[in-house]
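Please work through each task before reading its solution.

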Amino acid sequence: MLDRYVLRQLLMALAATTGGLAALIWLTQSLRFVSLVVERGLSLRVFVGLTSLLVPSFVAIILPITTFVVVQFVYQRLATDRELTVMRAAGLSPFHVARAGLLCAGASVMLCLVLNVWIVPLAFHAFKQYEFQIRNRIAAFMLQDGVFTPLSSTMTVYVRSRDHDGTLHGIMVEDDRQPDNPSTILAERGTMLIVNDQPRVVLFDGSRQEIDRRTGRLNVLTFARNTIDLTAPRGEQIRYRDSSEMSLHELLHPDPREVSARDRGKFAVEAWRRLTSPFTAFSFAMIGLVSVLRGTFSRHGNILRPFTAIMSVVCLLALSLMVQNLAGRNPGLVPLMWIEAIVPGALCAIVLFLPEWRLRQRARAASRMAPAAPGQAPRP
């Protein structure tokens with residue numbers, strides 16, 4: 001009953017804290033993509049769908065920190081309300097008191113593993129692919145009336161008006177995909193088509209004006225019908241995957257065509273980071289448990305132990321970044337990532353539970369050595 005009581009408070013606080021921080025980070029990070037809404041004319045639905053793909057990565061990063069905050073806060077409140085004192089007076093050992101916190105930390109570790117190994121790479125790949133399509137293809141279908149829309153660094157399109165059936169009127173296209181022969185295309189009307197998953201526009205009753213850079217001569221070609229490809233140049237359509245989009249197998253065994261030999265160490269470090277970082281949630285939770293459960297209760301409160309716990313977590317975060325940078329330069333230092341993630345939690349567990357284990361061993365030894373009562377057989 002006590003485990004359910006404490007665990008319910010921990011999980012509710014963990015969900016609220018992690019959700020609130022993830023929403024705050026999403027709000028701040030999504031401001032970077034406001035330019036897509038302004039320049040490309042994206043709808044609010046597309047904007048939210050694009051930026052929401054980043055939420056799993058935010059949760060995976062902040063979950064170990066929020067686990068520490070929740071464990072520290074909930075157990076500190078239990079101590080302030082004398083509930084821990086009642087539990088200890090009822091005969092509960094430090095392990096039984098900390099059991100709910102250990103279950104919460106275990107749940108955080110498992111959730112972080114699932115996020116890092118499976119969900120985050122898929123979501124980040126979908127985000128990159130969606131963003132790439134918006135910048136290079138989808139933007140062609142979002143031409144705004146009376147606005148010069150840059151579809152790429154070498155093409156700008158202007159449309160005076162658009163009918164309900166999709167017919168465009170007053171079209172001007174500035175095409176600089178051929179640097180030696182830039183052209184300006186004017187047409188009275190046109191319509192959008194999709195050919196082989198590529199946006200194209202069919203123009204009617206227009207002209208194409210080109211300037212020959214060598215002679216400076218203006219060439220004008222009139223047409224009754226013409227088709228223009230609105231995709232970016234081929235060089236801009238090629239997208240190379242980031243390490244955050246690859247699976248563990250691809251990071252540990254990268255394709256030589258995608259990853260150079262010089263960058264293989266960095267990709268391997270990314271793979272080991274995904275596997276080691278979830279265990280920091282357990283270490284951080286153990287630091288919070290030690291700061292509250294270890295030592296005597298003070299009626300006037302004790303700010304030193306929470307402050308020490310917070311500084312310990314900050315130092316471990318800084319150490320984690322340093323170890324990852326060193327391992328990226330020297331792959332032989334990868335075991336340090338495991339040590340940094342697991343050893344602090346193991347040391348805290350020894351400090352918190354070892355005295356209780358020793359007392360139990362001594363009590364068992366004393367009970368075996370005690371003489372048997374009259375008429376009672378000796379204990380084995």
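**Exercise 1.** Determine how many residues lie between E2 and E3 in their hairpin, and which turn residue has a positive phi.

*Solution.* Strands (E) are DSSP runs of at least two residues and helices (H or I) of at least four, numbered from the N terminus. The hairpin of E2 and E3 has 5 residues between the strands, and Gly-166 in the turn has a positive phi of about 95°. The model is predicted: local features need pLDDT of at least 70, side-chain atom pairs count only at pLDDT 80 or more, and totals for chains, interfaces and linings use all residues. Residues are numbered from 1 along each chain as its sequence is written, and side-chain values use heavy atoms, without hydrogens and water.

Next, consider the pairing, for which DSSP must find at least two bridges between two strands. E2 and strand E3 (residues 168–175) run antiparallel, joined by 7 bridges; Tyr-158 has Met-172 in E3 as its bridge partner.

**Exercise 2.** Identify where the kink lies in helix H12.

*Solution.* The bend is the angle between axes fitted to the seven residues ending at a residue and the seven starting there. In H12 (residues 335–369), a kink of about 40° lies at Phe-353, shortly before Pro-355.

**Exercise 3.** Is Thr-276 buried or exposed?

*Solution.* Thr-276 belongs to helix H9 (residues 264–276). Its relative accessible area is 5%, so Thr-276 is buried (under 20%; exposed is over 50%, partly exposed in between; 1.4 Å probe, protein chains only). Beyond neighbours within four places in sequence, Thr-276 contacts Met-337, Trp-338 and Ala-341 (heavy atoms within 4.5 Å). Among the buried residues of H12 are Met-337 and Ala-341.
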